Amino acid sequence: MTVSLTLDHITAHYGSTQVLEDLSLAIKAGELVSLLGSSGCGKTTTLRLVAGFLEPTSGTIQLGERDLTRLAAHKRDIGLVFQNYALFPHLSVRDNVAFGLKQRGLGGTERTAKANAMLERVGLSSFADRMPAALSGGQKQRVALARALVIEPPLLMFDEPLSNLDAKLRVDMRVEIRRLQRANGTTSLYVTHDQEEAFSISDRVAIMNAGRIMQLDRPEVLYQRPANSFVARFVGFENLIGMTVTARDGETVTAVTQAGATLKLSQSVFGAIPDRFVLAARPDGLAVSREGEGIPVTLGIRTYLGRAYQYQCTTPAGDYLGNGPLTELLDPGTAAVLTPVPEQCCILPSDA
Amino acid sequence: MIKRLSPWILAGPASLLVLVFLILPVGSTLIATFTDAKGWAAPYAAFFNSGFRRTVLYRTIEISLITTIISVVLGFIAAYVVAQMPARLKSIMIIAAVFPLLTGVVVRSFAWLILLGKNGILNTALLSVGFISEPISMLYTEGAVIAAMVYLFVPLMILTLAGVLEGIPKDVVEAATSLGATPFAVFRQVILPLAMPGLIVGAVLVFTGSFTSYATPQLLGGERQMMMGTLLYQRAMVTFDWTGASTVAAIMVVVTILIVVLMTRLARRLNPMAG
């Protein structure tokens, strides 16, 4: 049975410091949603609120039909996977996995059978009698995963579960987590600061900043169509060019940068363009060429990327990064032109 | 050559010190109890044939065990509370707990004389409230000795346990909670087993400390509540019965070792991780 998780207008404080500001989040039944953001953005606080280790100042938390807001943590029935594994060091791998079953009053033989079956699913059958101290990091996290899954919780939560593993193992584990989560169809909340991890594993990702969700969407949408400057910068749109519309002619819009450079943009490509906007582009989205229509710049440092050359470009309004073709080698100090590649750029509302 | 010998050279002075001032005197003390004119085990027979001395031994074991149990319980509760506190408050509480250790054992036992005496603070207070009509004698009872010893040893217990409890990761407790463990289950199935090593160390320290104590039973127990420590002193310095005193010492060593081994065994049964 899968259920949805709903956080409704949650505000939370540590002492007098506000850490979450009017946060609302709905995770559909069976969905895996990640909270992504740098440290201090409130992602872990959100997880701890749902787990019951913290109480919100206001707002409600609902899991399916149940109101969790003031429910004691041990009654919430949530599977939690921690960054530091948090295995019980005094219990064998099997007893670690069986711990939750024991709390639910299951008898010894049934506990052992279920724990063994779960260990089989995570490929650790032969380690059942070992103590946690005798396991590698990846094995420990698989035990932690088995321990959380075996109680068949309606909600699974992950708190940076892969941060302590090395790169290769991280990729294997996240596939493993996705596989098990999919197989059970368990609604899941996943907290991470790693963009690749969040995007690869999630149905939807919430990018958080300063206690608020900046955008919640499918990874593809976040990556290609960020809704605001913060998210754009977060997903690698390094160039944010503030612009003002000076003329409109049918679908074609003429806009100038703060330095006075003029660009012609088509609304049939970019969608409706407001009078003041930010043109966001990855280095890929700004083509560097010797001459043509675009933003005039002076080239700075050139770096070789394999598929292209990347140039640091200086304009009176700020510095940008653009890519130039391998066929045309331009030297630092040369005057050049930056032209937006429409498919690689997007239009954002102006921050000011 | 020098390199191969250097560990021995470095360990030499300390080993010599231990040999001359500990092993030799203790050894000769013990040997004296086996070379008595009346037969090799005669001093021990004499000890166990004396009802009085047997009572002293049993009383010492009893008082030490009760002291240990009370200290473990009180110390655990205090250490648990201290371990939950924010860092700044924690260090203040630890200093407060250790503060009594800065004064001597005699001073602290003497404080209990003032508290528990016929005209002591406790009696005066109870009288003035009208709880009792005449002073009750609290000194020279087993209770007085136990109270003072618990007071002496609880700081030791808190110190030992606070470190251990602080070392239990918070997320392990949270993991147990998320898996449905009630606060009591968390305590019983996670905190207690993980604190077991500290509990054993603390209990052994308290037990050996109480079992071999001298000043506290001397001041608060007097002749009536004689313990092994005070009996040893009496044998050696009052009756000049050196063999008798040596026998008391030998029995104290054996009992201490026995109880320590027993405690460790028991703790290991409760938790395979401990010890």
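Predicted model: local features only at pLDDT ≥ 70, side-chain atom pairs only at ≥ 80, totals over all residues.
Biologist: How do you know that domain 1 of chain B and domain 2 of chain B are in contact?

Modeller: Contact means heavy atoms within 4.5 Å. Four residues of domain 1 of chain B meet that rule with four residues of domain 2 of chain B.

Biologist: What area do these two domains of chain B bury between them?

Modeller: About 330 Å², with 82% of it from carbon and sulfur atoms. Buried area is the accessible area (1.4 Å probe) that two parts lose on being put together, summed over both. On the domain 1 side, Thr29(B), Leu30(B) and Thr33(B) lose the most, together 82% of what that side buries.

Biologist: Why is Leu19(B) called partly exposed?

Modeller: Buried means under 20% relative accessible area, exposed means over 50%, and partly exposed lies in between (1.4 Å probe, protein chains only). Leu19(B) has 39%, so it counts as partly exposed. Leu19(B) sits in helix α1 (residues 2-34) of chain B; a helix here is a DSSP run of H or I with at least four residues.

Biologist: What makes the pair Glu174(B) and Arg48(A) a salt bridge?

Modeller: The rule asks for a side-chain nitrogen of Lys or Arg within 4 Å of a carboxyl oxygen of Asp or Glu. For Glu174(B) and Arg48(A) the N to O distance is 2.6 Å, so the pair meets the rule.

Biologist: How many salt bridges does the rule find across the interface of chain B and chain A?

Modeller: One. Between domain 1 of chain A and domain 2 of chain A the count is zero.

Biologist: Which residues make up the contact of chain B and chain A, and what area is buried?

Modeller: Chain B gives 20 residues and chain A gives 21. The buried area is about 1800 Å², 66% of it from carbon and sulfur atoms. Ser178(B), Leu179(B) and Gln189(B) supply 34% of the area that chain B buries there, more than any other three residues.

Terms used
Residues numbered from 1 in each chain as written. Chains lettered and ligands numbered in written order. Heavy atoms only, no water. Helix = DSSP H or I, 4+ residues; strand = E, 2+ residues; numbered from the N terminus.
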